[in-house]
Amino acid sequence: MKALLRLLPAAALALAFTACSSMDLSIGNLSAIGQGIQKTQEAEQTEFTPEQEYYIGRAVAANLLSTRKVWDNPVATSYVNVLERALAMYSDKPETFGGYHVLILDSDEINAFSAPGGLILVTRGLLRCAANEDQVAAILAHETSHVVLGHGINAIKQARKTAAYRQLGIAVANTAGGSNVQELTDLFKDSIKDITDTLVNNGYSRDLELQADQMALVIMKRAGYDPRAFDDMLKSLGAHVKPGGLDFAKTHPDPKIREDAVEKTLDDSPPLTVPAAAASARQARWKAALGSV
């Protein structure tokens, strides 16, 4: 976490205010405050580097894993990781700084999380909803799409931007007192909590989920998986997810809404024929790896 915090601009902003923490506003104070605002604006306009995304993702994943247990099944874990990396190769972001990695959570809840940088967590409960490898590919392609589209990292940037500008206004009004400097510094550290809350409590917006669904269809087709398996997966979720529940239903749109959007896309595209030998091999792999999930 210390390495991550060094990557964020909090220290630069804090220094901009420290010089005026114990004196009245003057031309020099206003200049320092102006420089602080400029630094914040510059930070907001700068994209995170792949390395920064990696460390942010690790911090988010650590928060998620602090209250969840990983399923200790090497065969199943290896299987979903090989499948994930194969799918990622056909995405618009085939590589990340630390690579794509999947962990299976030992939980009956139906859920999945994708942290910035390519760390994906999926529950046993969600994997049980899949009836074959193509449907597992649908789950992973959707989570990969969140990473490719930068939904997680964008949530951090928006939370950081809103909170930082609000605190800057308070600091200016209070002549940048010492307590404001500390609050300003803490804003960036708290952005990790913000994205964790987004994944666990709030979920992405309906539009972002539908974007990830559409990209997942593209990834699946490129990788040779039948995109119609995505529609089958959504139907399975609709049968298993309890409305108003505290897991998938809490953080995702109604599967029926997603089904309608996916089916509209599929109606405009020709079906993908999977050779019988390939389909048989996939089913055998899936059964061997996740038969006991």
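## An aromatic cluster

Tyr55 counts as partly exposed, at 27% relative accessibility, where buried means under 20% relative accessible area, exposed means over 50% and partly exposed lies in between, with a 1.4 Å probe and protein chains only. This is a predicted model, in which local features need pLDDT of at least 70 and side-chain atom pairs count only at pLDDT 80 or more, while totals for chains, interfaces and linings use all residues. Residues are numbered from 1 along each chain as its sequence is written, and side-chain values use heavy atoms, with hydrogens and water left out.

A search of the whole structure finds 2 aromatic pairs; rings of Phe, Tyr and Trp (its six-membered ring) pair if their centres lie within 6.5 Å, and planes under 30 degrees apart count as stacked, over 60 as edge-to-face and the rest as tilted. The rings of Tyr54 and Tyr55 are edge-to-face, because their planes stand at 65 degrees, with the centres 5.1 Å apart. Tyr54 also pairs with Phe97 in a tilted arrangement, 5.3 Å from centre to centre and with 55 degrees between the planes. This second pair links distant parts of the chain, since Tyr54 belongs to helix H4 (residues 50-65) and Phe97 to the loop between helix H5 (74-88) and S1, 43 residues apart. Helices (H or I, at least four residues) and strands (E, at least two) are DSSP runs, numbered from the N terminus.

S2 pairs with strand S3 (residues 119-123) in the antiparallel sense over 4 bridges, two strands being paired if DSSP finds at least two bridges between them. Ser114 stands opposite Ile120 in S3. The two strands form a hairpin with 3 residues between them, and Gly117 in the turn has a positive phi of about 95 degrees.

## Salt bridges

The whole structure holds 11 salt bridges, each a side-chain nitrogen of Lys or Arg within 4 Å of a carboxyl oxygen of Asp or Glu. In one of them Arg128 is joined to Asp108, with the closest N and O atoms 3.0 Å apart. Arg128 is partly exposed, at a relative accessible area of 39%, whereas Asp108 is exposed at 60%.

Asp213 and Arg258 meet in a salt bridge of 2.7 Å, N to O, which links helix H10 (residues 206-223) with helix H13 (residues 255-267), the two residues being 45 residues apart. Both Asp213 and Arg258 are buried. Lys235 and Glu263 also form a salt bridge, at 2.7 Å from N to O. Lys235 lies in helix H11 (residues 228-240) and Glu263 in helix H13, so this pair ties together parts that are 28 residues apart in sequence. Salt bridges that share partners join Asp231, Lys235, Glu259 and Glu263 into one network.

## A buried serine

Ser145, placed in helix H7 (residues 133-148), is buried with a relative accessible area of 0%. Its side chain reaches the backbone oxygen of Ala212 at 3.4 Å and the backbone nitrogen of Ala216 at 3.3 Å. Leaving aside neighbours within four places in sequence, Ser145 is in contact (heavy atoms within 4.5 Å) with Ala212, Met215, Ala216 and Ile219.

Methods:
Polar contact = N/O pair within 3.5 Å; in protein donor to acceptor, adjacent residues only side chain to side chain.
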